[in-house]
Amino acid sequence: MAELKILVIPGSLRTGSLNAKLAAAIAHELVVAGIAVTRISLADFPLPIYDADLQAKSGVPKNAVNLKRMMGAHHGVLIVTPEYNASVPALVKNAIDWVSRVQDAHETRGQVFRDRAFAIAAASGGRLGGSRALSALRLILTACHATIIPNQLALSFAEEAYDDRDRLKRAEDIEALNAMVRQLIEFSQRMM
Ligand SMILES: Cc1cc2nc3c(=O)[nH]c(=O)nc-3n(C[C@H](O)[C@H](O)[C@H](O)COP(=O)(O)O)c2cc1C
């Protein structure tokens, strides 16, 4: 059987990002489970704010096509998003908006969302752990007809959530992470 590939996308570019740290912790568990993991930074796919006039004039930017193809080269995609004002940051929404406009040859527009499994996670210094951003992200991905696994991880009080090896230390977080990883693998395998 071909190896299972999962793409991990942190939704923050910030130095010391809580979400990049959580993405790294989840990626580690996926690797331990034998999965081929690619962890990217959206800094490597800079995109203008979506503008239909811009698309009509110049087409979909190359970085959106590249990001879409990067997603397309994996069976599962994990997005780890910050929460900004109870929703997803513009960085995450804008990337999804552009990718949803990409149409490669022999594909329908947005097919990349329909053909693979998605998992979502968030980290925040607050009590809710970015759970409102997760609701927003689930809605956005549902609009894209993505298969989104039911399990998710909202990491509250994220600054205090790790041990000195950058592994999650609270039992409930470890349990949520493991359940999400197991389910992401299971759903991604169905997409192979
Ligand atoms: C514009 C803005 C709005 C924010 N709104 C929320 C919020 O609604 N809920 C929350 O838990 N944290 C909120 N925060 C705090 C972020 O969760 C915090 O800055 C977090 O560290 C960002 O993620 P990162 O560390 O991965 O960059 C907000 C931060 C910014 C800059």
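Which residues of helix α3 (residues 62-72) are buried? The views below take up this question and others.

**View 1. Helix α3 and its buried residues.** This is a predicted model, in which local features need pLDDT of at least 70, side-chain atom pairs count only at pLDDT 80 or more, and totals for chains, interfaces and linings use all residues. Residues are numbered from 1 along each chain as its sequence is written. The buried residues of α3 are Ala64, Leu67, Lys68 and Met71. Buried means 20 or more other C-beta atoms within 10 Å of the residue's own, with C-beta atoms placed from the backbone. Helices (H or I, at least four residues) and strands (E, at least two) are DSSP runs, numbered from the N terminus. The four cover an arc of only 100° around the axis, which puts them on the same side of α3. The arc is that of the directions from the helix axis to the C-beta atoms. An α-helix has 3.6 residues a turn, so residues three or four places apart point the same way. The buried residues of α3 pack against β1 (5-10), β3 (76-81), α4 (90-99) and α5 (111-114).

View 2. Leucine 78 touches Ile6, Val8, Ile9, Ile26, Ala119, Ala121 and Leu184, not counting residues up to four places away in sequence. Contact means C-beta atoms, placed from the backbone, within 7 Å.

**View 3. Proline 10 in strand β1.** Proline 10 is buried, with 30 other C-beta atoms within 10 Å. Proline 10 touches Ser17, Asn19, Ala20, Ala23, Ser41 and Val80, not counting residues up to four places away in sequence. Glutamine 189 is 179 residues from proline 10 in sequence and 22 Å from it in space, C-alpha to C-alpha.

**View 4. The shell around the ligand.** Of the 15 residues around the ligand, Ser12, Ser17, Asn19, Pro82 and Ser124 come nearest. A residue counts as near if its C-beta atom, placed from the backbone, lies within 6 Å. By class, the shell has 5 nonpolar, 8 polar and 2 charged residues. Ala, Val, Leu, Ile, Met, Phe, Trp, Tyr, Cys and Pro count as nonpolar, Asp, Glu, Lys and Arg as charged, and the others, Gly among them, as polar.

Notes:
A residue is buried if 20 or more other C-beta atoms lie within 10 Å of its own, exposed if 12 or fewer, and partly exposed in between; C-beta atoms are placed from the backbone. Two residues are in contact if their C-beta atoms, placed from the backbone, lie within 7 Å.
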